[in-house]
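Here is a friendly walk through some structural labels and the cut-offs behind them. Have a look at the model first.

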Amino acid sequence: MIWHLNNTTIRNPRRYLEALRAYDKHGPIEGLFDRGNVTAQKKLYNLILDAGVINSDVRDSDFNGRKWRLGFRDLGLIAYKDSNDEPSGAITKSGKALLDAKNEAELQDVYFRIILNLEMRKKGMCFRPIPLILSVIKLLKESGARDSINLVEFSITLQDYREALSPEDYYIEIIKFRELVEKNRGKLKELYANTYKKVYERNNRNPSIQTISREYPDVSFRLLELSGLFRIEGAKLTLDSQYSNFLSTLCLDNETMPSELTYYQKISSLPVG
């Protein structure tokens, strides 16, 4: 299963805060999460456009409205269904925490808690991507190997989630790929092309190789960096040194919620404590 964080329409995840501020000022939008409500979707997009969050000559785009709506939902910032805490379309506790952050440190803390707790739920599989990534980084550190993961390594191993694989399996894949890179100096273009083709075929030719190799890892790296857990240095994902002493503990925090409903209740009610 090929997965990614964020979406390819909203490449810069820092825009969510400005968009949420605009929504807080001019929303909520009734029926935003109703199936087929293109009027509400266009209203959301126009609201964000008019706030100057994005630059575009396009207006009344329900497609782009759906992309922003999806981003807000995935990060637990706007309620997508009625609950005891808030009605559909209302800003959640997580969203309010983001809006109420008084400085960069508080803002970073909210992003950290949200992103750390994100789950991938797709095709009957469910896992927490951030503890998985951290576990592989931990194994790389312990082995004495380079403990950063570059974009190519990420896109052909961790991004291709396979339920039967353990963190050790992904670690081994990365090490073996690095060995191939060393053996194929001067022929890397061919190696990369063949490797991406294998991942593409393994996933029933969906999504495209361009999406697997460029678009998805790019947006995932951007959101991972926003968490504060990671830094991006020369297209390499590396653990921020301030979390080195907590790495083992963070790796163990990998439990998923029992249902989609309980997961959303959790992600929309952060930070706790």
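The questions below take the labels one by one.

This is a predicted model, in which local features need pLDDT of at least 70 and side-chain atom pairs count only at pLDDT 80 or more, while totals for chains, interfaces and linings use all residues. Residues are numbered from 1 along each chain as its sequence is written, and side-chain values use heavy atoms, with hydrogens and water left out.

Q: Why is Gly65 called buried?
A: Buried means under 20% relative accessible area, exposed means over 50%, and partly exposed is in between (1.4 Å probe, protein chains only). Gly65 has a relative accessible area of 0%, so the label buried applies.

Q: What is Gly65 in contact with, leaving aside its neighbours within four places in sequence?
A: Contact means heavy atoms within 4.5 Å. On that basis, Gly65 is in contact with Gln41, Leu44 and Tyr45. Gly65 itself sits in helix α3 (residues 62-74); helices here are DSSP runs of H or I with at least four residues, strands are runs of E with at least two, and both are numbered from the N terminus.

Q: Which residues of helix α12 are buried?
A: In α12 (residues 260-267), they are Tyr263, Tyr264 and Ile267.

Q: How do you know that the buried residues of α12 line one face of the helix?
A: Seen down the axis, they fall within an arc of 95°, so they line one face. The arc is that of the directions from the helix axis to the C-beta atoms. These buried residues pack against α3, α4, α5 and β1.

Q: What makes the link between Lys138 and Glu142 a salt bridge?
A: A salt bridge is a side-chain nitrogen of Lys or Arg within 4 Å of a carboxyl oxygen of Asp or Glu. The closest N and O atoms of Lys138 and Glu142 are 2.6 Å apart, so the pair meets the definition. Both residues lie in helix α6 (residues 129-143), four residues apart, about one turn of the helix.

Q: Why is Glu142 called exposed?
A: Its relative accessibility is 54%, so Glu142 counts as exposed. Lys138, with 22%, is partly exposed.

Q: Why is one side of β3 and of β4 without a neighbour in the sheet?
A: The open sheet of three strands has the order β3-β5-β4, with antiparallel pairing. β3 (149-150) and β4 (230-233) stand at the edges, each with a single partner strand, so one side of each is left without a neighbour. Two strands pair if DSSP finds at least two bridges between them, and β3 pairs with β5 (residues 236-239) over two bridges.
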